[in-house]
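Biologist: Hey, I've just opened this one and I'm new to it. Can you walk me through it?
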Amino acid sequence: MRLSRSRIGATAVLGLFVATSTGCSLINKVRAKNELNETAKAYKDGHFDVAEQHARRALALDPTNQTAPIFIARVIHQQYKPGVDQPDNIQRARDAIEAYQKVLQNPPNEQQAEEAYKAISVLYSAIKDDQNLRAWITKRATDPNQPNDKRAEAYAILAGKDWDCSFKVTELPDVKITATEGGNAKVTYKKPKEQKDFDEIQKCVRRGLEEAETAIKYDPNSESAWSYKTNLLLEAAKQADMNGEADKKTQYQNQADVAGKRAAALAEERRKKEEAAEAPGSPTP
């Protein structure tokens with residue numbers, strides 16, 4: 001079958017276009033790599049605004065590059081100043097959160113995905129956005145696609161936040177100290193003056209205990225889950241004391257003792273493993 005000159009010409013032009021496009025694509029990838037090298041250099045020197053510019057150029061040159069998004073997120077994160085509650089600084093943290101969320105849409109590897117997840121948690125905490133922080137952690141805790149250990153870790157963090165909800169009220173309580181036989185002091189906790197405050201800490205402890213139990217269900221050897229369960233039970237004992245419920249107080253204290261022993265045993269196991277790993281002659285992972 002013979003092709004007409006016009007068809008041959010069109011085929012040649014198309015081939016030239018494809019070759020040229022491929023060449024441009026390769027050139028852009030090389031340029032993007034160079035921009036990322038400049039990003040790393042500026043980042044190392046502490047010039048984060050310059051590093052961000054190079055990283056954004058790299059992504060513009062090669063939108064498929066998976067390294068550029070994590071570089072962008074990192075340099076924006078470095079420009080946020082912890083503890084400075086100025087609007088532009090808070091916005092910088094939110095820009096970093098958005099950048100890390102883009103990384104999670106197509107993470108290059110599991111390590112960087114975990115980096116992005118934890119960075120978002122840290123940033124939400126830093127700007128005191130507790131609502132979004134809880135929602136962010138809950139999303140992982142309830143995600144059936146996450147491995148059990150990560151879901152357990154997320155539930156334990158939530159339990160810890162609920163413990164803090166109660167402890168910040170009971171840490172400096174209105175107490176009555178009386179002498180008992182043997183000269184030991186007895187501390188009696190009094191309820192907060194506002195009933196709504198008492199209702200709130202009760203709600204936190206109930207929810208926190210549920211979260212700690214769920215964490216333990218997913219990872220029975222979670223030291224943090226057992227520790228928070230212990231502390232939450234101690235908070236429940238304080239609240240029972242505030243309500244004049246001596247029997248419940250004793251029950252919660254006994255349960256806290258059991259949970260505390262389990263937490264202590266896990267801590268000891270972890271300590272021994274760490275010592276064994278640091279011992280001379282131990283195998284390198």
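Biologist: What angle do α5 and α6 pack at, and how far apart are their axes?
Modeller: About 155 degrees, with the axes 8 Å apart, for α5 (residues 110–126) and α6 (residues 130–141). Axes are lines fitted to C-alpha atoms over the stretch in contact, and angles run from 0 to 180 degrees between N-to-C directions. The crossing is left-handed, meaning the near helix is turned anticlockwise from the far one by less than a right angle.

Biologist: Which residues make the contact between α5 and α6?
Modeller: From α5, Glu114, Tyr117, Ile120, Ser121, Tyr124 and Ser125; from α6, Asn132, Leu133, Trp136, Ile137 and Arg140. Contact means heavy atoms within 4.5 Å. By class that's six nonpolar, three polar and two charged residues.

Biologist: Before I go on, where does the model come from?
Modeller: This is a predicted model, where local features need pLDDT of at least 70 and side-chain atom pairs count only at pLDDT 80 or more, while totals for chains, interfaces and linings use all residues. Residues are numbered from 1 along each chain as its sequence is written, and side-chain values use heavy atoms, with hydrogens and water left out.

Biologist: OK, how many helices and strands does the chain have?
Modeller: Ten helices and two strands, in the order α-α-α-α-α-α-α-β-β-α-α-α from the N terminus. Those are DSSP runs: H or I of at least four residues for helices, E of at least two for strands.

Biologist: And what share of the chain is buried?
Modeller: Buried residues are 32% of the 285, buried being under 20% relative accessible area with a 1.4 Å probe, protein chains only.

Biologist: Give me an example. Is threonine 230 buried or exposed?
Modeller: Threonine 230 has 12% relative accessibility, so it counts as buried. Threonine 230 lies in α9 (residues 223–242) and touches Ala256, Ala259, Gly260 and Ala263, leaving aside residues up to four places away in sequence.

Biologist: Back to helix pairs. How do the axes of α2 and α3 cross?
Modeller: At roughly 160 degrees, coming within 9 Å, with α2 covering residues 48–61 and α3 residues 67–79. That makes α2 roughly antiparallel to α3. Their contact includes Phe48, Ala51 and Leu59 of α2, and Phe71, Ile72 and Val75 of α3. By class, this contact has eleven nonpolar, two polar and three charged residues.

Biologist: Which hand is the crossing of α2 and α3?
Modeller: α2 passes α3 in a left-handed crossing.

How values were computed. Buried means under 20% relative accessible area, exposed over 50%, partly exposed in between (1.4 Å probe, protein chains only). Angles under 35 degrees count as roughly parallel, over 145 as roughly antiparallel, 65 to 115 as roughly perpendicular and the rest as oblique. Ala, Val, Leu, Ile, Met, Phe, Trp, Tyr, Cys and Pro count as nonpolar, Asp, Glu, Lys and Arg as charged, and the others, Gly among them, as polar.
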